[in-house]
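Here is a short report for a reader meeting this chain for the first time. Look over the sequence and the structure, then read on.

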Amino acid sequence: MLAVLFSVLAGLRLLDLEAIWRDELRDLLVATGSYEGRRGFQGILVLVIAVLAGSAGVFWFFRAMRASRGRRNFAVLIAQAAGLAMVALVALRTVSFSALDALLFGPLKLNWIADIGASVLVAACAAYYVGVVGKRAAANSRGPSR
């Protein structure tokens, strides 16, 4: 599922759909005469995204931690959390709230840190998972020790 998620995110980036959606939202606000009051609307959207992502994260974390055992499952959980962070980041970038944009695209480049960091974290978890599974498969192929 993470591979599908990252494929979709890559498609969004290649097709520049985030910018298209942001422009469509802006055009809709202009057409309805709501553009001047967009800050309130964008603030509410940011709050809704933050609450949904936070609630989903907490719910998923507690549910997954109860069912998870072992190192490889822990790597999967971390990778899933990074995937959730990527989805939340895309949603927040699409809303384009000025105060949030200043943080994301400002001098610290938190957008890049979150985007690249989540991607590297998923890749590291995948490499770790393959290593753990590979060691287990190699140990099982040797057969029982005498």
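## Overall fold

The chain holds six helices and zero strands. Helices (H or I, at least four residues) and strands (E, at least two) are DSSP runs, numbered from the N terminus. Read from the N terminus on, the order of elements is α-α-α-α-α-α.

This is a predicted model: local features need pLDDT of at least 70, side-chain atom pairs count only at pLDDT 80 or more, and totals for chains, interfaces and linings use all residues. Residues are numbered from 1 along each chain as its sequence is written, and side-chain values use heavy atoms, with hydrogens and water left out.

## Dimensions

Along the principal axes, the C-alpha atoms fill a box of roughly 80 × 30 × 25 Å. The radius of gyration is 20 Å, while a compact globule of 146 residues would have one near 15 Å. That radius is taken over C-alpha atoms, and the globule rule is 2.2 Å times the number of residues to the power 0.38.

## Surface and charge

The chain has 16 positive and 8 negative charges, with mean positions 26 Å apart. Lys and Arg count as positive and Asp and Glu as negative; His and the chain ends are not counted. Each charge is placed at NZ of Lys, CZ of Arg, CG of Asp or CD of Glu.

## Inside the chain

Of the 146 residues, 25% are buried. Buried means under 20% relative accessible area, exposed over 50%, and partly exposed in between (1.4 Å probe, protein chains only).

Ten residues form the largest nonpolar core, among them Leu-9, Ala-75, Met-86, Val-90 and Cys-125. Such a core is a set of buried Ala, Val, Leu, Ile, Met, Phe, Trp, Tyr and Cys residues joined through side-chain atoms within 4.5 Å. Helices H1 (2-15), H4 (71-95) and H6 (110-141) each give two or more residues to this core. H4 supplies the largest share, five residues. A second, separate core has eight residues, including Val-46, Val-95, Phe-97 and Leu-100.

## A loop residue

Where does Gly-33 lie? Gly-33 sits in the loop between helix H2 (17-31) and helix H3 (38-67). Gly-33 counts as exposed because its relative accessibility is 61%. From Gly-33 to Ala-91 the C-alpha distance is 23 Å, across 58 residues in sequence.
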